[in-house]
Amino acid sequence: MHDVFYDVVREIASKDPHPFVVRQVVGLEEWSETNESKNCTFISLHCKAVDEQLPQVLVCPELHFFLLHIDKYSLNIPNTFFQRIKRLQVLDLSRMDFEELPSSLNSLLNIRTLRLDGCYEIQGLPDEMVQFSNLRLLNLNNCEKLKVIPRIILSSLSRLECLDMIGCSNSQWAVVEGDHSNANACLSDLNHLSCLTTLSITISYAELLPKDILFDNLTRYAILIGNSRGFRTNKALKLHKVNRGLDFGDGIIKLLERSEELVFSELSGTKLLLSPSNRMSFAKLKHLDVRESYDIQHIIDSTDQQFMEQGAFPLLESLFHWDLEKLEEVWHGPIPIGPFGNLKTLEMSSCPKLRYLL
């Protein structure tokens, strides 16, 4: 059945003005010496047999897109494999089972997109990536063993627009920028990526966040602090097992106030959860979830007159409060007129001291 499927796809692809090949690894080395390979611009390569092997070099000088798919086993990529595809712009090696990438990556000077999501065994980014100055998108989601992110590589990705690192909770970020004893990047190195507009990242603990980190250019983000998972909107911030008494700096505070989704769980160090800094604070918030935070007595400071005049939480759609043993009131101060006008879902559980909601 699979062979029939691939034959049909190849027949359709053969009629495309931009040559596209969908094939299995078997016979790939012989095929790469044919005229078809020399004109091919897109390849989707499917590997399913344990005895299949890639050729030492893939000869496709016009290739722009390469996707490699495997079925539940590891496949060795020869170190010289990418030497002859120097025009490649998109490389998708998602869910590959290997610890290291081939050294011939340094031939891919035109690479724009690199997907390594689900490559669970990768422990470090290779030095060859320092050549990827044209890279726009880097997906490292769920690279669970990734530890080493060299500063020299991160700083070289000057045109990077999108960085995905959800599920990389073992990454060993340096704590202090400029610590030359540590070759790993610091989170504040993200400040130097001036083109970065999309960021999704898991940060294992809040102490890794430098005070000077800026997120002003981000239009889409999912920042999960404390190994939380899952998000529903394009602007999500989640804090798990975080001491709110820490000084996060302006970057995180501004991000918190313009988020569409906020999730707090097992927080400590504060009785008051949210304090608006200006009248537009939390104006775009759609989902607020607070749970298992036993010090919290109030959700938001409502003593700021300008904030109250603007209208508190005008877009809020869902509100969840679970296991907040000391929560007394949502509002710390005057209760606004007609709050939560857009609210669709409200869930309260195990909040025994709660006196007022609206």
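I counted nine aromatic pairs in the structure, where rings of Phe, Tyr and Trp (its six-membered ring) pair if their centres lie within 6.5 Å, and planes under 30 degrees apart count as stacked, over 60 as edge-to-face and the rest as tilted. I worked on a predicted model, in which local features need pLDDT of at least 70 and side-chain atom pairs count only at pLDDT 80 or more, while totals for chains, interfaces and linings use all residues. Residues are numbered from 1 along each chain as its sequence is written, and side-chain values use heavy atoms, with hydrogens and water left out.

I looked at Phe313 and Trp331, whose ring centres are 6.1 Å apart with planes at 45°, so the pair is tilted. Because Phe313 lies in the loop between α6 (305-310) and β15 (318-322) and Trp331 in strand β16 (residues 329-332), the pair ties together parts that are 18 residues apart in sequence; helices (H or I, at least four residues) and strands (E, at least two) are DSSP runs, numbered from the N terminus. Phe313 is buried at 2% relative accessible area, and Trp331 is buried at 2%, where buried means under 20%, exposed over 50% and partly exposed in between (1.4 Å probe, protein chains only).

I then took Phe320 and Trp322, with ring centres 5.8 Å apart and planes at 75°, so this pair is edge-to-face. Phe320 counts as buried at 11%, whereas Trp322 is partly exposed at 26%.

I also noted that Phe282, Phe313, Trp331 and Phe340 form one aromatic cluster.
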